[in-house]
Amino acid sequence: MSRFFATGSDSESEESSSADEITPKAPGTTLKQSLLLSDDEEDTKRVVRSAKDKRFEELTNFIKTIRNAMKIRDMAKCLEEFEQLCRAFLKSKNIVDKEGVPPFYIRLLADLEDYLNQLWEDKEGKKKMNKNNAKALSTLRQKIRKYNRDYETEITAYKENPQESADEEDDKGGDDSASSSDSDGDDDDGVSAKAFLKKKPEAVPEASKFLKPTKGSGDESSSSDDDDDDEDWGSDTVDTGSESSDDGEEKSASLAMVFLKKTHAPEKSSEKVGKKKKLRKKEKLEEEAEEEGGEEVEGGWEKVKGGVPLVKEKPKMFAKGTEINTAVVVKKLHEILQARGKKGTDRTGQIELLHALAGISAEHNLGQGVLVKIKFNIVASLYDYNPNMATFMKPEMWKTCLGCIDELLDILYANSDMFIGENIAEDSENLTISDQPFRVRGCILTLVERMDEEFTKIMQNTDPHSQEYVDNLKDEGRVCGIIDRLLNYFENKGTTEEICRIYLRRIMHTYYKFDYKAHRRSLGIQAETKSQQDQEESEGEDSAVIMDRLCKFIYAKDRTDRIRTCAILCHIYHHALHSRWYQARDLMLMSHLQDNIQHADPPVQILYNRTMVQLGICAFRQGMIKDAHNALLDIQSSGRAKELLGQGLLMRNMQERNAEQEKIEKRRQVPFHMHINLELLECVYLVSAMLLEIPYMAAHEFDARRRMISKQFHHQLRVGERQPLLGPPESMREHVVAASKAMKMGDWRTCHSFIINEKMNSKVWDLFPETQRVREMLVRKIQEESLRTYLFTYSSVYDSISMATLSDMFKLEIATVHSIISKMIINEELMASLDQPTQTVVMHRTEPTSLQNMALQLAEKLGSLVENNERVFDLKQGVYGGYFNRDQKGGYQQKQSYQRDGGKGGYQSKQGGYQRGYRNQNQGNY
């Protein structure tokens, strides 16, 4: 009986899938042969198929895979299979030209394009896709749109009447199967298959429902595959040879499957496919249920999350009739907290339960002690919601956290006799209403510090150029308000250590902000409107007074070096930001932080770097060019200013650290609103280097041992000299290089036009608080240094020059010119004398000529060559110790002392150097 159903079953069985190649025969003979043949003989039976059937079957298999991938939204698989389908269709070009484009192919192209357009418009769905699927979706959409242009008419016809297209395809499949069965029947028995099939239902009417494959001949299975593929198996189409009803077919198929499972145990592949289909349907139903917005019908199914079994409805905390008192509520609180931190715990549900418990305790007036304890645990649960340290809080949870802390502070202010602290043991807690004050275990300071850290994480993980960043930054006022409230609370009831910790939090939110109102008051500028005046009066103390009070308390009372170090650095930063240069400099020098800062932790080092940079910018604004250059030298010369200031990671260092180190460094980054403008920093450094380096280069033009003040500035000069085509400067660096070249020639006006113009003003100078004063200082410095450079460069040309002429050339007062030239003469930078009656500068011919300079350079190079040659010779001879040990006799340096020791053979030691000796001989002239 099982053999009978095996040959007569629908396309679900594996033998029936190849039924198009088996010659149709009478039912009796089929049953007899199937009973006689063994499984091996059936498997090894040879099948002959036409090229058309092979090609179309290959296309059908690809289409089936694509549709399966569409059901599970696997775009990468869709793209891969579509490319293979296109290649297979190209191979079938000869058959397609004869037979025409198969309708099932057109149907797939139309359905796939509609499906991709639908996915593309689903913005939320695209966000949930992983990177590979999103990329594959974009690629496949472009390919299918381009590919479908060649089949526009067929696709349009299909879309106008998709049912008719499907019917035509089925009819065509039926005709093909009939023709193939005819050919097979003629070859085998010489009897026409059509006549045979017409007689068959009359001969065996009861068995006809089981003999569907023999009636529909070979292509029945392929058509059934197409039906499965296109999900049209429920249609009303009937094959030409079959006259049985749809109900009979369904019953026969299900009955055959039952028997096949029993008789053919090895056929597990079909069972796996069925299971996969059921799983996919189940997943699809779950996705549809989620997309419907979570609308639940009473008595219907609902999705249950794993974890601690919590009731979805409004939780019933206590059994009916339970007396609600403090002990019961505390016991319930401990039960909820026992699940905290365990794997699979529904953290959102836990927070909801704690909120409900707080509501119950407030409703039954159990006292503020129980409420404070529950609030502590609510805030702690909000912090524990994200197990990963790098993950920041969601906006709704952040708002809930701020609200809970505000409520806690309200309760603490309302109950001044309540004691809270980490040193209170749980056994000694007093949560009930009694004559004794409440005692609750917990630390409000720790919660506020963690809140501050969460705020920093939120700002670090928000796009700084979006409106969302601005909205999040508005919460800083609320954070500072909470810190101020806790600060006032601890000033009355806190310990010294707690006061220092909360003071530091307040300082960290103040030190980097410029106090514009205090700045206007110091300049005597009144507010524009009366409302602004009233607001300024109501705001109370200036930030400088607040910083001074908080920092001095920490200096006096703090016992930990870290808090005191951070307070000092913040205080220096705030002084420098408000142009209080001397206070900032003195505080930095007295603290001696630069001696031990390398032993501090990375966040403190970042704060130190920020403070030094701000100190250098402050010195520049005050006209202290040398101090500004020295303060900025370490940061700028490293080439890693961005990383040292905690404002980003450099890509070139990504290979030097692993993923874990990268995460740690990202957590140390400073939020965007606290950043220092790196372009402004570099511009200040390069301009300071220019004002120091250009006069020095002019004074030591022929000095072979000339040192570099700033390597980075020299690098920019070399880059500018290597440019093959010099155009007008565009970037900030090019402006500074062009200004340096002009200053080197003594042309202060051109230098001024390159440093101060509209482009540089918008990029750099307008960012300073006192813009006009900084510009005036810069012009003054450019004039003075251009004068010094001019005298160094052209002193050999002049016998004497009038100070009035120099004053007109550089637009400086005669007193200033006199002061500059006097300093140069005193420092032996300029060999000249001042003639007071005529107000002229008389030059002295003390500078060596170019030939003498070249001779000096040659002598120095020959000396170094001889020294290196002697060192190599000693190494070869093995007299290594004799060369370097001065105590041994025969050493080269001790013998002759060509350059260093005071021997008679030394060129420079004889006369003290050509330049020095020549200058000393002429000292008496002035």
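This is a predicted model: local features need pLDDT of at least 70, side-chain atom pairs count only at pLDDT 80 or more; totals for chains, interfaces and linings use all residues.
Is Leu 108 buried or exposed? I looked it up: Leu 108 has 0% relative accessibility, so it counts as buried (buried is under 20% relative accessible area, exposed over 50%, partly exposed in between, with a 1.4 Å probe and protein chains only).

Residues are numbered from 1 along each chain as its sequence is written, and side-chain values use heavy atoms, with hydrogens and water left out.

**Leu 108 and its neighbours**

I found Leu 108 in helix 7 (residues 103-121). Leaving aside residues up to four places away in sequence, I saw that Leu 108 touches Ile 63, Ile 66, Arg 67 and Leu 85 (contact means heavy atoms within 4.5 Å). Arg 67 is 41 residues from Leu 108 in sequence, yet their C-alpha atoms are 8.4 Å apart.

**The whole chain**

I got 47 helices and five strands for the protein chain (these are DSSP runs numbered from the N terminus: helices are H or I with at least four residues, strands are E with at least two). Of its 926 residues, 42% are buried. I also checked contacts between residues at least 6 apart in sequence, and 66% of them join residues at least 24 apart.

Next I looked for disulfides and got zero in the whole structure (a disulfide is a pair of cysteine sulfur atoms within 2.5 Å). I checked two cysteines anyway: Cys 480 is buried at 11% relative accessibility, and Cys 500 is buried at 2%.

**Two helix pairs**

I learned that two packed helices are described by the angle between their axes and the distance between the axes.

Helix 17 (residues 326-338) and helix 18 (residues 347-363) have axes that come within 10 Å and cross at roughly 175° (axes are lines fitted to C-alpha atoms, for helices over the stretch in contact, and angles run from 0 to 180 degrees between N-to-C directions). So I wrote this pair down as roughly antiparallel (over 145 degrees; under 35 is roughly parallel, 65 to 115 roughly perpendicular, the rest oblique). Among the residues that meet are Leu 333 in helix 17 and Leu 354 in helix 18.

Helix 35 (residues 678-699) and helix 36 (residues 711-721) pack at about 85°, with axes 9 Å apart. I therefore noted them as roughly perpendicular.
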